[in-house]
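Good morning, everyone, and thank you for making time for this short talk. Please have a look at the sequence and the structure, and then I will walk you through a few places in them.

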Amino acid sequence: MKQHYLLTSDSGLSAIDHSHLSSLYYGAGDSPFGPWFMAWDRLGLVYSNIMMDDQERHIRELKKLFSLTEFITNNDQAAEYIEVYFQSMRPPLNAHIVATPFQALVWNQTCHIPFGETISYKQLGNNINCASPRAIGQALASNPIAFLIPCHRVIHTSGELGNYSMAKQSLTLDQRKQIKSNIIQWERQQANT
């Protein structure tokens, strides 16, 4: 059963009551990897993904996650968030996530992978006492907040990048792997400057 959690910028995760939420804001802006779409509520980010097509697909994704009465466009605020998002090794933004307890555990542990570094699905599983790299991969594939929850930092034990679910409706697996590689390389460059 899915629950609502707040993931704070210091990577703390706690269950929250969501009954009082009624509005969601969204917008797009430029990132180092192309157009980027974000959505947030008063608690924090709820969705973040590269935008390879129109905003309507992203809005449909949001409506699956949240039953809200109002969706409000705010591209100016989105552009400001995106600028902050990609200027910091640990963006100072909270996230409001909807997840199963297992997904929340995986995503929280993923947030502890240092900027510019990678670990394997198996290592991540070992960190949370899960013997199934496949279960780890499935949880990461459901991550609604790309980059802030850095699922791109999880790779195969062999060093192969593995699948990347970002923009999976619009891009081939090879294109998504290239984005994953680009993000990892960009992080490593940022960490060395």
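I would like to start with H152, which sits in the loop between α5 (133-141) and β9 (154-155), where helices (H or I, at least four residues) and strands (E, at least two) are DSSP runs numbered from the N terminus. This is a predicted model, in which local features need pLDDT of at least 70 and side-chain atom pairs count only at pLDDT 80 or more, while totals for chains, interfaces and linings use all residues. Residues are numbered from 1 along each chain as its sequence is written, and side-chain values use heavy atoms, with hydrogens and water left out.

Is H152 buried or exposed? H152 has a relative accessible area of 0%, so it is buried, a word that means under 20%, with exposed over 50% and partly exposed in between, using a 1.4 Å probe and protein chains only. Leaving aside residues up to four places away in sequence, H152 touches F147, Y164, K180, I183, I184 and E187, a contact being heavy atoms within 4.5 Å.

Turning to helix α6 (residues 173-191), its buried residues include K180, I183, I184 and E187, and what covers the buried residues of α6 includes β5 (45-50), α4 (121-127) and β9.

E187 also forms a salt bridge with R153, with the closest N and O atoms 2.9 Å apart; the term requires a side-chain nitrogen of Lys or Arg within 4 Å of a carboxyl oxygen of Asp or Glu. Because E187 lies in helix α6 and R153 in the loop between α5 and β9, the pair ties together parts 34 residues apart in sequence.

Conventions. Expected span 1.5 Å × (residues − 1).
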